[in-house]
There are 2 protein chains.
Amino acid sequence: MTPKYPYDLRTGYPNTEILVPHEKLAAIAQDLLLTDRATQYGGILQGPLMPREQIAKWLTANATQPATPEQLVITSGAIAATDLVCRTVTEPGDIVVVEDPTFYYMINILKMSNIEVVGVPMTPQGMDLEALAGVVEQYGERLKLVYSIPSYHNPTGVNASPENRKKLVELAQQNNFTVLEDTTYQWLYFDSPPPPLCRHYDNGSGHVVSVGSFSKTLMPSLRLGWIWAADEAHAQSFTKFKGDSVASTLTSGMVGEFIAQGQYDTQLEYARNHYAERCGVLVEALQKVMLDYVQWDVPQGGYFVWMTLPEHIKAQDVLELSQARGADFMPGRLAYVDGADDRYMRVCFTMMDDEKLQTGAQIIAESIEAVAAR
Amino acid sequence: MTPKYPYDLRTGYPNTEILVPHEKLAAIAQDLLLTDRATQYGGILQGPLMPREQIAKWLTANATQPATPEQLVITSGAIAATDLVCRTVTEPGDIVVVEDPTFYYMINILKMSNIEVVGVPMTPQGMDLEALAGVVEQYGERLKLVYSIPSYHNPTGVNASPENRKKLVELAQQNNFTVLEDTTYQWLYFDSPPPPLCRHYDNGSGHVVSVGSFSKTLMPSLRLGWIWAADEAHAQSFTKFKGDSVASTLTSGMVGEFIAQGQYDTQLEYARNHYAERCGVLVEALQKVMLDYVQWDVPQGGYFVWMTLPEHIKAQDVLELSQARGADFMPGRLAYVDGADDRYMRVCFTMMDDEKLQTGAQIIAESIEAVAAR
C-alpha cells in the first residue's frame with residue numbers, strides 16, 4: 001500500500017513487509033488448500049473447532065484464566081466482533097459508553113446498532129469511573145455496554161491500572177451492563193506485560209466479553225479475530241447475530257495451524273521487539289526535536305504517541321503545514337465522540353523506517369513551532 | 001466436513017473435493033503471500049481495486065450491463081452483503097419483504113436490523129406481484145426492501161420470468177423501495193442461461209442492488225461476495241455499515257488473480273457441468289422411485305429439488321423415518337417466514353456421490369410410502 005503522504009505517522013497499520021511471516025503462512029495456506037482442509041463453509045457459527053482449540057490453548061497460556069473452545073467465537077476481525085457483541089446486547093435506543101477519546105472507527109461501528117454513544121473521559125489510570133457512575137445514574141437500564149481498550153489504549157496509550165479494571169467490572173456487575181474489552185494491544189507490550197484482562201476481575205458472571213485480533217500481531221489480511229465469552233451459551237448468544245455467517249475457514253485454519261506449530265509465541269515476541277524498536281526510534285527523535293510545551297508520554301506498548309498542544313495551538317493548523325511538507329498524523333479530535341478541543345495529535349510509529357520517523361517528527365515539530373509563532 | 005447423516009440431501013454446500021481448483025488457488029495464495037501483495041488491511045472500504053476491477057470485468061462479460069469497479073463493494077460473502085444492504089436502507093420498524101419460502105438463514109439475517117419480515121408467496125413465474133402490491137398498499141413507505149432470488153430460487157428452484165422481473169422493478173421504482181437480488185445461482189444454469197438480472201430492467205435509478213458470492217462457484221472458505229450498486233455514491237452508501245470493515249484482502253486477492261488469469265470462466269463451466277451431472281443422477285433416481293402423488297419439477301439450475309407432499313403426509317414424519325435410515329433432507333416449512341403446512345421438502349443434490357444420491361432418494365421415497373400407509 002502506498003501512503004498518501006511519504007511520512008505517514010497517521011495510519012495505524014503494521015508494516016507488513018516486516019511483520020508478516022510470509023514463507024510460513026504461504027506454506028500453511030498451500031498445505032491447507034491442497035489437502036482440502038480449509039475449503040468448506042464453517043458449519044458451526046462459532047467457527048471450526050481446530051482454530052478455536054488452538055486460540056483457546058494460546059489464551060490459556062497467555063491470560064490469567066483458562067479458555068475453552070466452547071467459550072470462543074471466531075470473527076472476521078475484532079471490529080466485526082465488537083459489532084456482533086453490540087448488536088447482541090443492545091436494542092435500538094440503548095446507551096453504549098466509550099472512552100473519550102477512543103478508537104475513532106469504533107464509534108461508527110457501534111452507532112450502526114441504532115444506539116446512542118456516550119463518551120466518558122480518560123484519566124492516566126484508565127476510564128474515569130466517577131464519570132461512568134454518573135452515566136449509570138443518568139441512564140439506568142438503558143446503559144447496556146461499555147467499550148473499553150484497557151491496555152495501550154488507542155489513541156492515548158494509557159494502560160488502565162489493576163484497580164481501575166477491577167472497579168469497572170464491579171460497576172458492570174452492580175448495574176448489569178456488559179464490558180466489552182478490546183485486547184488488540186494487550187500482548188504488544190515493550191518491557192513488561194500490562195495488568196490482567198478485565199475478565200480476570202469477573203467471576204465468570206458474564207459481565208465481561210473480550211475481543212481480540214490477529215491483524216497487528218500476525219497479518220491484517222487474515223481478517224481474523226475472536227470473541228471470548230463466559231461460557232458456551234454466552235458465546236452462542238453472539239452467533240445468531242453473525243451477519244457474515246462464519247469467518248473464512250481458510251484464514252481461520254491458517255491461524256489455527258500457525259498456533260498449533262508453536263509459531264505464534266515466537267511471532268508475538270518478534271512483533272513486540274519490532275514495535276518496541278519502531279517506538280524507540282520515534283521517541284528518540286521526539287526527545288531531540290519536540291518542543292517543551294508539548295505534552296506526551298513514552299509509550300509502554302501499542303502503536304501510538306499521544307500529544308497535547310498548548311490551548312492556543314490548533315492541531316489542524318499544524319496538520320496543514322505538516323502535510324504540505326509530506327508528514328501526516330491524526331488530529332486527536334477525530335477520536336472523540338462529539339469532537340473536542342483541537343489540541344491533540346495521534347502519532348503512529350509502526351509503518352515507517354528510521355529516516356522517515358525522524359524526518360516526520362522533525363516536520364511535525366517545526367510545524368508546531370511555525371503555528372506557535374503566528 | 002463429516003455430515004451428520006451418511007445420505008446428506010439437506011446441506012446446501014458444494015462438494016469441495018470436486019468443485020475447488022485446489023492447485024491453482026494454492027499457487028495464487030502462495031504467490032500473493034510471498035510477494036507481500038495481499039497481507040495488508042484493505043484501505044478503501046469498498047475493497048482493494050484489483051479484485052474490484054476483475055469482478056467488474058467478469059460481470060461486464062456475463063451480465064447485460066457494463067460494471068465498473070466504482071459500483072462494487074467486496075464483502076465477506078453474499079450473506080454479509082445482504083446484511084449490509086438491509087442495514088443501510090432500513091431503519092428499525094421498517095418492512096422487508098421476502099419470497100415465501102426463501103433462503104431460511106436470510107430471514108434471521110434480515111431480522112438483525114430490527115425490521116419486520118413479511119413473506120410474499122411464490123408462483124411458478126417468480127414472486128407473486130399482486131400479493132406484493134397488497135403489501136405496498138398496506139405498509140406504504142415502511143416497505144424499504146424486497147429480498148429476492150430471481151434465478152434458481154432457494155428452495156423452490158423457480159426461475160422468475162423476464163416479465164416478472166421487469167414488473168418487480170417497476171413496482172420498486174413506483175413505490176421507492178429497493179430490490180435486493182441475490183445472484184448466488186444466476187450463473188449455475190444447466191442448459192441455457194436464465195433471464196437477465198433484475199438490474200437489467202432498471203434504468204440506473206438505483207432501485208436494484210445485486211449481491212453475489214464465490215462460495216458455490218469457486219470455494220466457500222474464501223467468504224467472498226460482492227455488492228453491485230448503481231454508481232459509486234450508491235456503493236459507498238453501503239460501506240459505512242461494514243461491520244467487518246473490509247473483507248480479507250488475501251481472499252479478495254485470490255479471487256481477483258484467479259479472474260485475471262482467465263480461470264474463472266473455465267471454472268464456472270466446470271461447476272455448471274458438475275452440478276448438472278449431480279442433478280441428473282438425483283433426478284434419474286427420483287424418476288425411478290418417487291411416488292406419483294409427490295409433486296416436483298426437474299431443476300434447470302441451482303442446488304435443489306423442491307417437493308410437495310399430499311396434504312395428509314407430514315414432511316416431519318417422513319424426515320424421522322428417513323433419518324433413522326441415514327437420509328436427511330430439509331423440511332420445507334423451515335424456509336417460510338411464519339412456518340407453513342408441513343408438506344414441503346427441499347432435497348439438495350450437490351454433496352453426495354451417485355450411490356448416495358440414489359440410496360438417499362430411495363430411502364426418502366420409501367419413508368413417504370410408509371407414512372402414507374399409516
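The model is predicted: local features need pLDDT of at least 70, side-chain atom pairs count only at pLDDT 80 or more, and totals for chains, interfaces and linings use all residues. Residues are numbered from 1 along each chain as its sequence is written, while chains are lettered from A and ligands numbered from 1 in the order in which they are written.

**Chain A as a whole**

Chain A contains 12 helices and 14 strands; these are DSSP runs numbered from the N terminus, with helices (H or I) of at least four residues and strands (E) of at least two. The C-alpha trace of chain A spans about 60 × 55 × 35 Å along its principal axes. Its radius of gyration is 21 Å, which agrees with the value near 21 Å for a compact globule of 374 residues; the radius is taken over C-alpha atoms, and the globule rule is 2.2 Å times the number of residues to the power 0.38. Of the 374 residues, 57% count as buried. A residue is buried if 20 or more other C-beta atoms lie within 10 Å of its own, exposed if 12 or fewer, and partly exposed in between, with C-beta atoms placed from the backbone. Among contacts between residues at least 6 apart in sequence, 76% join residues at least 24 apart; a contact requires C-beta atoms, placed from the backbone, within 7 Å.

**The interface between the chains**

In chain A, 46 residues are in contact with 46 residues of chain B. Helix H2 of chain A gives the most to this side, with 8 residues. The side of chain A that touches chain B has 21 nonpolar, 17 polar and 8 charged residues. In this scheme Ala, Val, Leu, Ile, Met, Phe, Trp, Tyr, Cys and Pro count as nonpolar, Asp, Glu, Lys and Arg as charged, and the others, Gly among them, as polar.

Helix H2 (residues 22-34) of chain A packs against helix H2 (residues 22-34) of chain B at an angle of about 170°, with the axes 9 Å apart. H2(A) and H2(B) are therefore roughly antiparallel to each other, a term for angles over 145 degrees. Residues in this contact include A:Leu25, A:Ala29 and A:Leu33 of H2(A) and B:Leu25, B:Ala29 and B:Leu33 of H2(B). By class, the contact has 10 nonpolar, 4 polar and 2 charged residues.

**Two residues in their surroundings**

A:Ser252 belongs to helix H9 of chain A, and B:Thr60 to helix H3 (residues 49-62) of chain B. A:Ser252 is buried, with 30 other C-beta atoms within 10 Å, whereas B:Thr60 has 13 C-beta neighbours inside 10 Å and counts as partly exposed. Leaving aside neighbours within four places in sequence, A:Ser252 is in contact with residues including A:Gly47, A:Ile74 and A:Leu224, and B:Thr60 is in contact with B:Pro66 and B:Ala67. The table gives two C-alpha separations.

| Residue pair | Apart along the chain | C-alpha separation |
|---|---|---|
| A:Ser252 and A:Gly42 | 210 residues | 9.4 Å |
| B:Thr60 and B:Gly301 | 241 residues | 22 Å |

Definitions and conventions: Contact = placed C-beta atoms within 7 Å. Axes fitted to C-alpha atoms, helices over the stretch in contact; angles between N-to-C directions. Parallel < 35°, antiparallel > 145°, perpendicular 65-115°, else oblique.
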